[in-house]
Amino acid sequence: MTLLFLLLAASGSMMLTVVLGLADGDRSGCELAAGADPSDPSWTQSARTVGQAVAYRLCQSVWEPPPPWWQLVGWPLLLTASAVLLFLLLPRWKARAGRVVPLAAVDPDGEVDALVAELAGTTGLATVPRVVVDPAAGGSGAVVFGRTGRPVVRLQGGLLVDRHRDPVRFRAVLLHELAHVANRDITLTYATITLWRVFLALVLLPYLLWEGHVVHGVLADGRMPVPDRPMLLAAFTVTLVHLARSDVLRSREVYADLTALRWGADPGGWAGGVPQGAAGPVPRAHALTSVLAPVLALLRTHPQWSLRRSALSDPAPLFRTHAAAFFLTGATVVLVDQHLLYYLAPYNLATIGITQAITLLSAALVTAIAGVSLWRTVAYAVLTGARVPSGLWAGGWLGAGIAAGTVLTSSGGSGVWVPQRPQILLLPVAVGLAYGWWLTQCAHLWTRTRRGRSLRPALLISLGAVVPALGLWLAWWHLMGILYASGFTARAAGVAQWVYAWFPTATPGDDPGRVPGIATVLPLLGSITAVFLIPLALTLLWVVPLIAWAAGPAKERPGRRSTEASADPAPGGDLVPAPGVGGPAKERPDRRSARASLDPPQAGALVPAPGVAVGEGVVPPLRRVLLPGLLGAVVACVAFAGVQAYLHTGRPVAGDRGGLYALRYTAGTLLALAAPAGLAALVAGFRTGRFRLLGSLIAAQSTVLLGFFGVTVLASLDGCAGPLAVLQDSCSWRPAWQLRLFPYLYVLNVALVLATVLATLPAGVGAAAAAALRRVRPARPREAAAPAPGRGTRGRRVAAGVLCAAALGLSGTADVSRMPALTFTVDVAAAQNSTAQLAAVPDAPVSAATRARQVNAWYGLGGDTVLDRLFALSDQLTTALRAPQGGSWDALDRRLRPICEQWGRAGLYEAVWFRVPDRETQADWHSVAVHAAQGGPRCTAALSAHDQNALLSALRELVAAGRCTASVNARIDAVLRADGRRGTVRTQAQGTACERAG
């Protein structure tokens with residue numbers, strides 16, 4: 001599924017590059033007109049376009065219109081249809097009459113056919129596969145192809161020749177091919193093959209032809225082509241697809257070996273023999289070959305014989321997490337997001353809901369790979385009595401892959417290879433560590449509390465719980481995290497304006513911009529609330545483990561023998577019964593595996609590995625996580641009351657309680673919730689041992705949940721207790737979620753995020769300290785005794801259930817209230833104003849040649865049209881003023897009013913077109929807008945009032961606007977001619993000095 005999704009996403013975005021390249025557009029021209037410098041790859045270039053989003057969108061609509069939707073939708077559809085067609089035709093081609101013959105043609109006595117039928121019946125196959133022979137093949141192997149419902153086994157001629165000489169090998173090869181049928185991997189295998197071949201023909205080939213055309217053009221201009229990011233992104237995508245395809249093909253062979261071994265095949269029949277094509281002694285590997293061996297192994301579509309032999313004797317390597325696989329999976333997340341967002345960008349379809357849906361989908365794909373792998377590792381460790389891994393190593397590599405994918409794709413508008421703040425790239429690594437740690441501990445907890453029962457429901461529930469959290473973090477990472485890494489800096493003055501817009505006040509007091517760190521902290525916390533569904537996503541992270549915890553220690557189910565389980569992996573990675581145990585021989589193997597999958601042994605079946613403390617996985621009592629959360633909530637309520645009492649001492653008069661005062665109220669509320677949550681997490685983590693992360697999360701989040709209920713009551717009754725009054729002067733029930741100066745949902749979202757961070761960090765420090773202590777003083781083995789249920793166990797389970805229901809109810813209600821905003825599209829004007837207000841975009845100097853390119857783009861893509869209209873208005877005004885004077889006000893009104901009204905509207909040109917990318921010219925251009933915006937309305941008002949003096953003053957404004965227009969044209973002409981370009985089309989007038997507006 002992941003391979004299919006990556007191929008479809010990559011096909012759309014790569015073909016979009018080709019389609020846009022073939023179209024007659026000028027995207028780079030629009031960026032130059034906005035003032036972007038092609039030689040400056042920093043985030044400020046994106047800020048310049050977003051800060052002028054209205055003009056940029058207008059420029060794109062004229063000079064780079066999006067291609068017709070059917071051109072882009074058609075490629076994924078064509079890819080899918082072609083893959084389906086090839087999938088149906090490929091078996092016919094492989095089994096064509098000119099290449100193979102029916103088995104009956106070379107087996108007249110039917111001996112081989114009878115053996116195949118016997119093996120199929122013994123192994124429980126519902127359908128006997130069709131068998132054909134390739135008589136021209138001299139090898140001694142076989143292959144199965146087609147699809148799961150209609151398999152075809154093709155035997156090589158050499159295998160039939162060796163049948164009598166080596167019947168053990170012949171039987172083993174047949175069982176191996178029948179295992180593919182039983183494992184139901186034929187359809188998956190050939191779907192992978194056909195998708196890859198179609199992708200090469202329909203997507204990669206046109207893309208390479210287009211890139212070759214671009215490189216040829218660069219060489220023709222006498223320049224040296226340099227690989228750009230789109231080319232490297234395409235190459236990396238192809239590499240990932242090939243690696244994923246190779247992994248699918250390698251894995252199926254190993255699992256087929258294990259299935260055949262369970263059926264009684266002699267492993268020497270295929271794994272112990274010499275591989276086809278090998279003869280003589282194996283040459284000694286060179287040093288370079290030894291170094292490249294792990295990399296080359298990832299590129300192979302067939303597993304090495306050494307791996308197949310070792311897997312038959314010890315399947316443990318199949319359950320280990322591999323750093324390379326997790327790293328590539330993390331990089332795949334960013335690539336999928338980048339391909340899809342780029343694919344939708346030309347059509348302005350990136351609504352908030354669609355953007356988060358993309359990240360949720362990529363998170364689900366990653367969890368289907370990484371999450372299942374970690375669960376299998378934990379289940380195998382519990383089954384064999386080995387030490388359960390922490391998951392930190394695998395999660396760290398997953399996060400490193402996300403960081404590497406971010407650098408490769410240059411998401412967020414920064415084109416540099418090393419971002420301005422490279423330390424922020426450690427954040428994906430930290431998130432990956434927490435992701436792997438949480439999944440491993442959750443799997444360990446469920447295996448301990450559901451022993452003897454199928455873990456499939458627990459697997460699905462835990463994976464479903466972590467997907468929203470990972471998806472929303474990815475959305476935030478694309479929204480703000482990458483931007484911060486690229487060097488984004490907010491202006492303190494802009495943040496102060498934001499505070500006053502958020503908390504309006506009649507009389508502004510102290511400047512919020514002077515608060516230390518506010519320009520960094522407030523935009524960062526504000527970006528958290530821009531992501532939706534945070535309460536529900538974070539609530540699931542602790543509610544799901546709490547449900548398992550509340551179930552208590554598992555009881556051994558009577559009548560079930562734990563020794564009937566073994567560590568043999570099924571094709572899908574499940575744990576299945578040992579050979580010859582459980583069920584009749586003719587039972588279908590895939591059904592038997594499904595029933596026994598992920599079934600851990602009973603309590604008495606665990607045999608600890610050497611050096612493993614038996615009791616280290618015992619689930620602590622439930623009170624160790626509930627009690628710290630309850631006490632923390634009490635402390636949070638008391639702390640919030642203290643915040644109210646403190647703020648009451650300096651309360652301003654009514655009407656002045658916004659601004660910095662309301663901001664202090666919000667910050668104090670967050671502190672009152674977060675500090676007790678961190679303390680509760682520290683206590684719970686210390687008392688829960690192996691499950692310290694889950695215990696810390698449960699204690700911290702329950703503190704915030706219960707404390708937030710108390711905060712809601714106290715804030716709603718503001719004014720009823722005199723010493724605690726903050727915003728109100730009288731006693732009344734005013735719901736906290738309706739208070740203008742109390743950001744209810746903001747507090748909930750940020751408090752939950754802070755509680756998650758404060759729970760994870762101490763747990764990580766505690767785990768590191770415990771690991772260091774174990775190295776110094778190894779744990780003493782002790783008996784694994786599950787805690788006996790006490791008198792209060794039932795009550796604590798009821799309390800846990802009530803807590804879970806309350807948490808899900810509050811988080812669900814909060815998310816539902818914001819659900820309509822998911823369909824909102826990005827407000828271009830709002831994004832432009834927000835960027836202009838917050839972003840501290842430096843006016844970096846550029847070379848004269850680059851300045852000329854920018855000015856030429858500004859003028860050629862639309863500025864000339866705007867100047868022509870302004871010149872026409874100026875000429876009309878001059879003609880009207882030179883006309884014979886005299887007559888009535890009505891005649892004057894008829895002559896001047898249309899001109900004045902048009903001048904008034906001309907002031908909008910500055911808002912709908914780019915700022916001139918030249919400082920002096922921009923000053924004149926701004927003066928045009930100011931004079932026009934002031935003079936036009938004054939002129940019409942003076943005509944209506946018959947005020948001669950006001951009319952003369954307004955006309956002077958309009959004349960000044962015309963002179964500034966001429967000055968803009970003259971400066972642009974000078975810049976263009978200085979660079980050897982053709983100047984403006986209008987002849988320059990003498991004495992066109994601009995009277996700049998203040």
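**Close-up views of a predicted model**

**View 1. A nonpolar patch lies on the surface and is made of L58, V62, W63 and V912.** Together these four residues have about 320 Å² of accessible area. The model shown here and in the other views is predicted. Helix α4, which spans residues 53-63, supplies the largest share of the patch, three residues. L58 is found in this helix. With a relative accessibility of 39%, L58 counts as partly exposed, because that class lies between the limit for buried, under 20%, and the limit for exposed, over 50%.

**View 2. Strand β4, residues 150-156, pairs with strand β2 and with strand β3.** Six of the seven residues of β4 are buried, so the strand is mostly covered. Strand β2 covers residues 130-134 and pairs with β4 in the parallel sense, over five bridges. In this pairing V132 stands opposite R154 of β4. Strand β3, residues 142-147, runs antiparallel to β4, and six bridges join the two. R147 has R150 in β4 as its bridge partner. Two residues lie between β3 and β4, which form a hairpin.

**View 3. The largest nonpolar core has 122 residues.** The residues with the most contacts inside this core are W375, W438, W542, L546, W549 and F742. Helix α18, residues 456-485, contributes the largest share of the core, 19 residues.

**View 4. W542 is one of the residues with the most contacts inside the largest nonpolar core.** Which residues is W542 in contact with, leaving aside its neighbours within four places in sequence? They are L697, I698, Q701, S702, L705, L803 and A807.

**View 5. G658 is found in the loop between helices α23 and α24.** Helix α23 spans residues 623-648, and helix α24 spans residues 659-687. Is G658 buried or exposed? Its relative accessible area is 4%, and G658 is buried because this value falls under 20%. Not counting residues up to four places away in sequence, G658 touches F503, P504, T505 and L741. A501 is 157 residues from G658 in sequence, while the C-alpha atoms of the two are 9.5 Å apart in space.

Technical notes. Residues numbered from 1 in each chain as written. Predicted model: local features only at pLDDT ≥ 70, side-chain atom pairs only at ≥ 80, totals over all residues. Heavy atoms only, no water. Buried < 20%, exposed > 50% of the residue type's maximum accessible area, 1.4 Å probe, protein only. Helix = DSSP H or I, 4+ residues; strand = E, 2+ residues; numbered from the N terminus. Pairing = 2+ DSSP bridges. Patch = residues over 30% accessible without salt bridge, like charges linked within 9 Å, V, L, I, M, F, W, Y side chains within 5 Å. Areas by Shrake-Rupley, 256 points an atom, 1.4 Å probe, with all protein chains shown as cover. Salt bridge = Lys/Arg side-chain N within 4 Å of Asp/Glu carboxyl O. Core = buried A, V, L, I, M, F, W, Y, C linked by side-chain atoms within 4.5 Å. Contact = heavy atoms within 4.5 Å.
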